[in-house]
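Dear colleague,

Please find below the structure that I am handing over to you.

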Amino acid sequence: MTDHAAAWVREYGRPEDVIRLASLPRPAPGPGMVEIAVARAAINPSDLIPVTGAYSNRTVLPFVPGFEGVGTVSRIGADITALKPGDRVLPLGASGLWQAFLLRPVEWCFAVPDDLSNEQAATSYVNPMTTVRLVEALKAHFGSGSRLDGRRIAITAAGSAIGRMLVKTLTAEGAQVTAIVRSEETAESLRAFSGIDIIMTGGRYPGSDLELDAVVDAVGGDIGEQLLRRNVAGGGLFLQYGALSGVPIAPLATAARPDVRFSFLWLRSFVHAAGRAALEAALATCFDGVRDGTLQSGIAATYPLSCLAQALAHQQATGRRGKVLIDPRC
């Protein structure tokens with residue numbers, strides 16, 4: 001049994017303090033398992049949150065972080081027929097991508113189209129599928145068939161990767177999009193998108209004259225609460241998928257608006273409940289969106305795994321534009 005390089009978490013804490021490089025055993029794949037040589041892995045906020053201990057009830061120490069990435073099948077268990085060495089796959093359903101070799105059950109490995117680069121493939125899951133699920137939830141609420149024509153929808157943290165994907169997707173769906181951001185720099189970066197209104201809060205609340213059918217919220221806290229209380233019309237939807245402020249929407253705020261549906265989207269819940277056919281269909285939609293640019297992520301930089309500290313610092317840097325990727329092969 002040989003060893004391979006991995007990012008390794010032995011205790012909870014600040015990511016920059018507790019994620020360390022380690023040399024781990026490389027066991028042979030057993031029945032139902034495949035080994036994947038990881039080519040690219042993304043750094044996402046969802047990778048770093050478990051490192052802090054926020055989800056300690058379902059995170060077992062020690063572990064390798066990384067929920068999103070792409071690799072090539074390098075070895076297979078004796079009973080595997082669905083995949084062969086050389087096939088390129090996305091491993092879903094668990095962390096572990098920040099290492100040179102990963103063992104995963106074959107049923108959690110999904111084929112990657114040949115026309116996508118490793119960089120595109122490695123960023124085609126978390127943000128694109130979250131965006132797809134959010135848009136589907138909006139359509140389900142309004143019963144608007146295949147489009148969202150005329151719906152007044154606000155997006156908080158609109159300058160984020162998912163925020164930009166939502167701006168592009170919802171405007172293409174015919175919605176009247178309001179992008180809510182905190183800084184003039186972010187507002188300026190969104191002015192290239194036509195047909196949207198931009199509100200720069202700078203910590204202030206949007207005015208009560210902003211009338212909305214729905215809010216897609218990644219922030220929570222006071223801004224999210226005020227949008228729910230004052231701006232969403234009766235029969236509307238407040239759809240939350242994050243709490244960047246670190247403060248959830250207060251139960252009193254949701255109770256004060258019984259005429260508005262409040263819903264929280266967990267991508268993890270969908271992935272583990274959907275079944276393989278639904279996941280394949282969702283990934284096909286994501287791949288199409290990556291191809292046409294609506295669900296494509298910019299790449300800020302790619303670091304070798306040996307430079308993990310620099311990669312983590314870049315991930316946390318103010319003004320970062322695009323994804324930070326890791327190449328675990330070096």
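This is a predicted model: local features need pLDDT of at least 70, side-chain atom pairs count only at pLDDT 80 or more; totals for chains, interfaces and linings use all residues.

D288 and R291 both belong to helix α10, three residues apart, which is about one turn of the helix; helices here are DSSP runs of H or I with at least four residues, strands are runs of E with at least two, and both are numbered from the N terminus. The side chains of D288 and R291 meet in a salt bridge at 2.9 Å, N to O, where a salt bridge is a side-chain nitrogen of Lys or Arg within 4 Å of a carboxyl oxygen of Asp or Glu. D288 is partly exposed, with a relative accessible area of 45%, and R291 also counts as partly exposed, at 39% relative accessibility. In these terms, buried means under 20% relative accessible area, exposed over 50%, and partly exposed in between, with a 1.4 Å probe and protein chains only.

Residues are numbered from 1 along each chain as its sequence is written, and side-chain values use heavy atoms, with hydrogens and water left out.

Further salt bridges

The structure holds 21 salt bridges. One of them is formed by the side chains of E211 and R152, at 3.3 Å, N to O. This pair links distant parts of the chain, 59 residues apart: E211 is in the loop between β10 (196-200) and β11 (212-217), whereas R152 is in strand β8. E211 is exposed, with a relative accessible area of 54%, while R152 is partly exposed, at 24%. Another salt bridge brings together the side chains of R191 and E188, at 2.7 Å, N to O. Here R191 counts as partly exposed, at 44% relative accessibility, and E188 counts as partly exposed as well, at 49%.

The second largest pocket

Which residues line the second largest pocket? They are V132, V135, E136, K139, T169, A172, E173, T285, G289, D292, T294 and L295. A pocket is found on a 1 Å grid over the protein atoms alone, as an open set of points where a 1.4 Å probe fits, with protein on both sides within 12 Å along at least five of seven lines; lining residues have an atom within 4 Å of a point. The volume of this pocket is about 260 Å³, taken as the space filled by probe spheres set on the points, with grid points joined across faces, edges and corners.

Helices α4 (126-142), α5 (161-172) and α10 (276-292) each supply at least two residues of the lining, and α4 gives the most, with four residues. By type, the lining divides into four nonpolar, four polar and four charged residues. For this count, Ala, Val, Leu, Ile, Met, Phe, Trp, Tyr, Cys and Pro are nonpolar, Asp, Glu, Lys and Arg are charged, and the others, Gly among them, are polar.

E173, one of the lining residues, is 23 residues from G150 in sequence and 9.1 Å from G150 in space, C-alpha to C-alpha. G150 lies in the loop between α4 and β8 and counts as partly exposed, at 37% relative accessibility.

Backbone features

Most residues other than glycine have a negative phi, and most peptide bonds are trans. A157, which is not a glycine, has a positive phi of about 50°. A157 is placed in the loop between β8 (152-156) and α5, and counts as buried at 17% relative accessibility.

A cis peptide bond joins L61 and P62, with omega about -10°. P62 is found in the loop between α2 (45-48) and β4 (69-76), and L61 lies in the loop between α2 and β4. L61 is partly exposed, with a relative accessible area of 32%. L61 and V51 are ten residues apart in sequence and 9.4 Å apart in space, C-alpha to C-alpha.

A nonpolar surface patch

F262, F264 and W266 form a nonpolar patch on the surface, with about 270 Å² of accessible area together. Patches are made of residues with over 30% relative accessible area and no salt bridge, with like charges joined within 9 Å and nonpolar side chains (Val, Leu, Ile, Met, Phe, Trp, Tyr) within 5 Å. Accessible areas come from the Shrake-Rupley method with a 1.4 Å probe, and for residues only the protein chains shown count as cover. F262 is found in strand β13 (residues 261-264) and is partly exposed, with a relative accessible area of 31%.

Yours sincerely
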